[in-house]
Amino acid sequence: MSASAMCCFWVTLCSVDYERFAAAAVKTVNSTFETMDRDALEKAAEQANEYGHSFDREVAFLTVHSMLHLLGYDHEDDEESRLEMREKEEKALSALGLTR
């Protein structure tokens, strides 16, 4: 993903839930990308192929998904929580033009 796309991604994520993001951003922005090692990127490529979308979308999805967890969202609590999290993920990815 290009640097400009990443900047757009962070702005989009902020707009999805600014108050929660602002509270967690300082602690997580650097660590999010430091942990994207080779194995994780290879797994992202496999998952992109499996789900039939681009590598960029998969990496963005995984980043959005993990950031939402860091912000306190959980998709395993109940169906309503799962739907809320998926809605926020899709809103961020759609704003970036990263659709399926």
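Followed from the N terminus, the elements go α-α-α-α-α. This is a predicted model, where local features need pLDDT of at least 70 and side-chain atom pairs pLDDT 80 or more, while totals for chains, interfaces and linings use all residues. Residues count from 1 along each chain as its sequence is written, and side-chain values use heavy atoms, with hydrogens and water left out.

Next, select residues 38-51, helix H3, and residues 55-70, helix H4: their axes come within 8 Å and cross at roughly 115°. (Axes are lines fitted to C-alpha atoms over the stretch in contact, with angles from 0 to 180 degrees between N-to-C directions.) That makes H3 roughly perpendicular to H4, a label for angles of 65 to 115 degrees.

Now show side chains. On H3, pick Leu41, Ala44, Ala45, Gln47, Ala48 and Tyr51; on H4, pick Phe55, Glu58, Val59 and Leu62: these make the contact, meaning heavy atoms within 4.5 Å. How do the residues of this contact divide? Eight are nonpolar, one is polar and one is charged.

Finally, zoom out and colour by burial. Of the 100 residues in the chain, 36% are buried, meaning under 20% relative accessible area with a 1.4 Å probe, protein chains only. Switch to a surface: the chain exposes about 6,200 Å², with 52% of it from carbon and sulfur atoms, by the Shrake-Rupley method with a 1.4 Å probe.

Definitions and conventions: Helices (H or I, at least four residues) and strands (E, at least two) are DSSP runs, numbered from the N terminus. Angles under 35 degrees count as roughly parallel, over 145 as roughly antiparallel, 65 to 115 as roughly perpendicular and the rest as oblique. Ala, Val, Leu, Ile, Met, Phe, Trp, Tyr, Cys and Pro count as nonpolar, Asp, Glu, Lys and Arg as charged, and the others, Gly among them, as polar. Buried means under 20% relative accessible area, exposed over 50%, partly exposed in between (1.4 Å probe, protein chains only).
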